[in-house]
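Please read the following points alongside the sequence and the coordinates.

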Amino acid sequence: MAAIARAAITTGVIHIDGPALVLSLIPHGEHGLVVRLLTPAHGLVAAYVRGGRGRRLGPVLQPGNLVAAQLLARAEGQLPQASVELLAPRAALATSGAAVAVLDWACSLMAATLAEGDPHPRLYDALDALGALVAAGGDRAQLGAAIVRHELLLLAELGHGLDLASCAATGATTDLGFVSPKSRQAVSRGAGLPYAAKLLPLPGFLIADAAADAQAIADGLALTGHFIARDLLGARADRLWPTRQVMVQRLTV
């Protein structure tokens, strides 16, 4: 990981200096961008980047890229201005359709669900690792397993974690095969089979050393997708879900 972010907050001045992951971009003015960044110590922050759509900064400000960012606001409530330098390209190295879709969805999801200024260092590390996997040419199985685990972590960090340790009905810790959509807790195969149509599949790679094949990835994405749409996105799911559907198709078909 890059150097730890530093922040100095004095009267009328807010200064953040450190690594950040680019999440989303909004055009502002003729050449500028409002960029949402994920930082390890300060969580989600938004800043204006002058010339962000120019030839020099355009390739730098791509979702998933790791940058060194300096943010400065001289008054409380003012949108900070930022300068950025590329530390590690990820977007340009996402050469497969699956990799592009995973990076696009992960960044969009974080930008939509995280509150500004609320630190989530585990999520920062997880997204950084996911971007590194994309850049290293991870295959569909690796990318699929990684994004499912990332979504599970996001649910947990935002207070909607799943309990996959034991069966909600029997307390058993083995032969777990389902998750209850109501309790968010695992259910054993024996207890869950009569109600399988009402339960969500629990893929083995989430609880044991099992293969993350296409079906297991599809099951994992169905599991996390149910809770993300219901508990995190709500009405925003209609706007964001097409991006996720593209990712699901490219990872599982």
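How many of the 8 residues of strand 3 (residues 32–39) are buried? The points below begin with that strand.

1. Basis of the note. This is a predicted model, in which local features need pLDDT of at least 70 and side-chain atom pairs count only at pLDDT 80 or more, while totals for chains, interfaces and linings use all residues. Residues are numbered from 1 along each chain as its sequence is written, and side-chain values use heavy atoms, with hydrogens and water left out.

2. Helices (H or I, at least four residues) and strands (E, at least two) are DSSP runs, numbered from the N terminus. Strand 3 pairs with strand 4 (residues 43–49) in the antiparallel sense over 7 bridges, where pairing requires that DSSP finds at least two bridges between the two strands. Within this pair valine 34 stands opposite tyrosine 48 of strand 4, and a hairpin of 3 residues joins strand 3 to strand 4.

3. Strands of a sheet pair through backbone hydrogen bonds, either parallel or antiparallel. Here an open sheet of 3 strands has the order 8-7-9, and its pairing is antiparallel. Strand 8 (186–188) and strand 9 (200–201) stand at the edges with a single partner strand each, so one side of each is left without a neighbour in the sheet. Strand 7 (residues 176–179) is joined to strand 8 by 3 bridges, and phenylalanine 178 has valine 187 in strand 8 as its bridge partner.

4. Two residues deserve a check of their backbone angles. Aspartate 175, in the loop between helix 3 (140–157) and strand 7, has a phi near 55°, a positive value in a residue other than glycine, and at 48% relative accessibility it counts as partly exposed. Arginine 184, in the loop between strand 7 and strand 8, has a positive phi of about 65° although it is not a glycine, and arginine 184 is partly exposed at 22% relative accessibility.

5. Helix 1 (residues 97–113) is mostly covered, with 13 of its 17 residues buried. At 1.5 Å a residue its 17 residues should span 24 Å, which agrees with end C-alpha atoms that are 24 Å apart; the expected span is 1.5 Å times one less than the number of residues. The axes of helix 1 and helix 2 (residues 121–135) come within 10 Å and cross at roughly 165°, which makes helix 1 roughly antiparallel to helix 2, a class that applies to angles over 145 degrees. Axes are lines fitted to C-alpha atoms, for helices over the stretch in contact, and angles run from 0 to 180 degrees between N-to-C directions.

6. Cysteines. With a disulfide taken as a pair of cysteine sulfur atoms within 2.5 Å, the count comes to 0 disulfides. Cysteine 107 is buried at 0% relative accessibility, and cysteine 167 is buried with a relative accessible area of 2%.

7. Aspartate 213. This residue lies in the loop between strand 9 and helix 5 (214–233) and is partly exposed at 44% relative accessibility. Aspartate 213 and glycine 18 are 195 residues apart in sequence and 38 Å apart in space, C-alpha to C-alpha.

How values were computed:
Buried means under 20% relative accessible area, exposed over 50%, partly exposed in between (1.4 Å probe, protein chains only). Angles under 35 degrees count as roughly parallel, over 145 as roughly antiparallel, 65 to 115 as roughly perpendicular and the rest as oblique.
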